[in-house]
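Here is a short report on one protein model and its ligand. Please keep the sequence and structure in view while reading.

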Amino acid sequence: MRISMVSEHASPLATLGGVDAGGQNVHVAELSAALARRGHEVTVYTRRDDADLPERVSFAPGVEVVHVDAGPARPIPKDDLLPFMGDLAAGVAEDWARTRPDVAHGHFWMSGVAVLEAAERAERSGLRPAVLHTYHALGVVKRRNQGAGDTSPPEREPLEADIGRRADAIVATCSDEAFELRMLGVPAAHISVVPCGVDLAHFTPTGPREERGRDHRITTVGRLVQRKGVGTVIEALAAVVASGFDAELVVVGGGGSSDDPEIRRLRGIAERAGVADRVVLRGQLAQKDLPAVMRSSDLVVCAPWYEPFGIVPLEAMACGVPVVASSVGGLIDSVVSGTTGTHVPPRDPAAIAEAVSDLLARPDQRAAYGRAGRRRMASRYSWDRVAADTERVYLATAAARRSAGAMEGIGRIDGLRSRRRTRREGGT
Ligand code: UDP
């Protein structure tokens, strides 16, 4: 198949860990590469955010990234990108006129808007690809959790519902998202659940591990945005230390600059909780450096308020490290409480402290959880498996699209015949 991915703000080429570069970038990059390994030709369209970027970049064997001019060629927060989606759609449609894709897969709601517009243009020349969409995050969930802190434009929620109605299929990444989509009115028959994956050759239990600064190390990894719950983990650390554990908390992600407001906020929490000397803010790290940090940790804690999927817990489990995770979103599916880690309620430092202290006190349990986590990742979450499952959805959707197109064609021919008959029989 010829596959088009559209990912307006999240390029496979971006540096991870900044405010707008995380799981979606990894998903698009790894899924595209794994689909190409299965023999497909993949083009990823993303917005040009730097004037010096070449138009086309070969990203991996069989995967090309195309930078489309859509808005100023500089980084723009994703919440301000909607006005440029018409230009993105035009650029994508222009490229499709040269090589028509069989399927077009939009990532994040604004790309969904662009894909549907590009598909409409292609339809006029009878070349509409099958349209699939993955939301990566839903506006309704974000607003529920962030309230006034949600900076999404007001168009987001109605447009997300519209994408759900008009796309040929939705690829949700977890069962919780599938429920949310049903509530948005997306037909169940259009929803498939395929999780994100993890690079099992990179994130492994064996290999280098960093030196720790204390007897115990707890680690969090992610974009430093408030909803990731790092503040809650810092508060929990204070209770863990108070119960007698000599523990440090390593925080990976964020810009690492001291004037970043989120870093200032986290430092304030650490100081008030009396654990400033135990919280190590490492800033952004490259993926190549993450396994050594994860392996050096007793536990990885993922404490988001909500989480559309969450690749970090997969990476920790693939490294054989148990995960203490909020029981929200994708973490409900990926972390098995009592087998690969422990679920806790979101925004609850006492619950995190209890789960962490319990596991710190039981090294055998941690080792068993770590082994089970690695087994779970190997059996279900390789990118090759994710690509095979996604491919099945693509094939079924493209086949359904072709037969819908054929039925429309038959409908058009029938209409023509009956108009001709009417004319022959002296009608209007
Ligand atoms: N990540 C990274 N370096 C960092 C912070 C994060 O490589 O400094 C990666 C992390 O390993 C994971 C991704 O960014 O692959 C974050 O994905 P996740 O789904 O956990 O969170 P999201 O960013 O989508 O909210």
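The text below covers a sheet, a helix lying across it, and the ligand site.

This is a predicted model.

**The sheet**

Six strands form an open sheet with parallel pairing. Their order is S11-S10-S9-S12-S13-S14. Strand S11 (279-283) and strand S14 (341-344) are the edge strands, and each pairs on one side only. On average, neighbouring strands of this sheet are turned by 20° against each other, direction ignored.

One end of the order can be followed to single residues. Strand S13 (residues 323-326) pairs with S14 in the parallel sense, over four bridges. Ala325 has His343 in S14 as its bridge partner.

**The helix across it**

Helix H7 (residues 230-242) lies across strand S9 (216-221), strand S10 (247-252), S11 and strand S12 (299-302). H7 runs at about 170° to S10.

**The ligand site**

The ligand is surrounded by 20 residues. The closest are Arg223, Lys228, Leu285, Gln287 and Glu315. By class, the shell holds eight nonpolar, seven polar and five charged residues. Helix H1 (23-37) and helix H10 (312-318) each supply at least two residues of this shell.

| Residue | N or O atom in | Distance |
|---|---|---|
| Arg223 | side chain | 2.8 Å |
| Val312 | backbone | 3.1 Å |
| Glu315 | side chain | 2.6 Å |

How much of the ligand does the protein bury? Taken alone, the ligand exposes 540 Å², and the protein buries 95% of that.

How values were computed. Residues are numbered from 1 along each chain as its sequence is written. This is a predicted model: local features need pLDDT of at least 70, side-chain atom pairs count only at pLDDT 80 or more; totals for chains, interfaces and linings use all residues. Side-chain values use heavy atoms; hydrogens and water are left out. Two strands pair if DSSP finds at least two bridges between them. Axes are lines fitted to C-alpha atoms, for helices over the stretch in contact, and angles run from 0 to 180 degrees between N-to-C directions. Contact means heavy atoms within 4.5 Å. A residue is near a molecule or strand if one of its heavy atoms lies within 4 Å of it. A polar contact is a pair of N or O atoms within 3.5 Å; within protein, one must be able to donate a hydrogen and the other to accept it, and residues adjacent in sequence count only if both atoms are side-chain atoms. Accessible areas come from the Shrake-Rupley method with a 1.4 Å probe; for residues, only the protein chains shown count as cover. Ala, Val, Leu, Ile, Met, Phe, Trp, Tyr, Cys and Pro count as nonpolar, Asp, Glu, Lys and Arg as charged, and the others, Gly among them, as polar.
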